[in-house]
2 protein chains.
Amino acid sequence: MKKILAGLTLATVAFTGMAIAQDAPFAREIKARQGIMMYRAINLGVLGAMAKGEAEYDAAAAQKAADNLMASITLDASMLWPQGSDNSANPASTALAAMWEEGSGIGDKAKAMADAAAAMQAAAGVDLASLQGAMKGVGDGCGGCHKAFRVPTN
Amino acid sequence: MKKILAGLTLATVAFTGMAIAQDAPFAREIKARQGIMMYRAINLGVLGAMAKGEAEYDAAAAQKAADNLMASITLDASMLWPQGSDNSANPASTALAAMWEEGSGIGDKAKAMADAAAAMQAAAGVDLASLQGAMKGVGDGCGGCHKAFRVPTN
């Protein structure tokens, strides 16, 4: 019965599209993790704009953005990444199944990101040069997962 | 020029739909805040299932879910709710403009939610009765904003 229901749900999704996409596999987890990713992007955008000179350096605003980035990274997201919740199960996700494979190194990559965010948190409020010095690490941290485990978007 | 570009963007959104909805007004903020709401719903679901007896009470899992709920509520979301980012500006949002009106009481409602989440955090890991006792407060906390400031969904 469960299998029949799942089949019906998939068919419904295929024919009615976005409106019912909440019923798609792992739709809730994907929505939550993508929203948290966007939260990181928004706060990282504040830091990036200062680093590139597109916005004036503001120590308090930089510190706040870095604190937010760190808080969003230390937020327990373990329940948002169940096995199978990749792009092949639900195209709303851009996560590749490779992430869940034995030896993917996802744990190390997540730790590298957290370390880079901590370094940014220590640097962002000091001065512009410190913020700029911490940007590459954060970019590498993001890229660690995105390059390896995200559907290429060109 | 900026106005012309904005006009073009709106027209593009109207004609090409969801794929380009990221360009819609406040799309990034709305995506982030809805994702964080979903994160809360997922963790609250763990607590609710135990409270209703649909899942066996598990003190560690309950505590973790309550900790997660609290962490997601203390996460600084101030940048996600800019004035004007309501349902009338972007139908992807279900937020009513009334939230931003003088005297809407949004600050008190947010504080009530945070207090309820803190009470749940103190109760969830104690025993099932304590968890159940804290559920109404959390439900009222959620409802405080959702009833007043969310587009009715019937």
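Predicted model: local features only at pLDDT ≥ 70, side-chain atom pairs only at ≥ 80, totals over all residues.
## Relation between the two chains

The same surface serves both copies, since 100% of the contact residues of chain A recur in chain B.

## The contact between chains A and B

Where the chains meet, 16 residues of chain A are in contact with 16 residues of chain B. On the side of chain A that touches chain B, helix H2 (27–51) and helix H3 (59–74) of chain A each supply at least two residues. H2(A) gives the most to this side, with 9 residues.

Sorted by class, the side of chain A that touches chain B has 9 nonpolar, 4 polar and 3 charged residues.

## Two packed helices in chain B

Two packed helices are described by the angle between their axes and the distance between the axes. In chain B, the axes of helix H2 (residues 27–51) and helix H3 (residues 59–74) come within 9 Å and cross at roughly 155°. Because angles over 145 degrees count as roughly antiparallel, H2(B) is roughly antiparallel to H3(B). The crossing in which H2(B) passes H3(B) is left-handed.

The residues of H2(B) that meet H3(B) include B:Ile36, B:Tyr39, B:Leu44, B:Leu47 and B:Met50. On the H3(B) side, the residues that take part include B:Ala61, B:Ala65, B:Leu69 and B:Ser72. The residues of this contact between H2(B) and H3(B) divide into 11 nonpolar, 3 polar and 1 charged.

Is B:Leu44 buried or exposed? B:Leu44 has 22 other C-beta atoms within 10 Å, and it is therefore buried, because a residue counts as buried if 20 or more lie within that distance.

Two residues can be separated in sequence and still approach each other in space, as the pair B:Leu44 and B:Ala65 illustrates: they are 21 residues apart in sequence and 6.8 Å apart in space, C-alpha to C-alpha. When its neighbours within four places in sequence are left aside, B:Leu44 is in contact with B:Leu69 and B:Val138.

Conventions. Residues numbered from 1 in each chain as written. Chains lettered and ligands numbered in written order. Axes fitted to C-alpha atoms, helices over the stretch in contact; angles between N-to-C directions. Helix = DSSP H or I, 4+ residues; strand = E, 2+ residues; numbered from the N terminus. Parallel < 35°, antiparallel > 145°, perpendicular 65-115°, else oblique. Left-handed = near helix turned anticlockwise from the far one by under 90°. Contact = placed C-beta atoms within 7 Å. Nonpolar A, V, L, I, M, F, W, Y, C, P; charged D, E, K, R; others polar. Buried ≥ 20, exposed ≤ 12 C-beta atoms within 10 Å, placed from the backbone.
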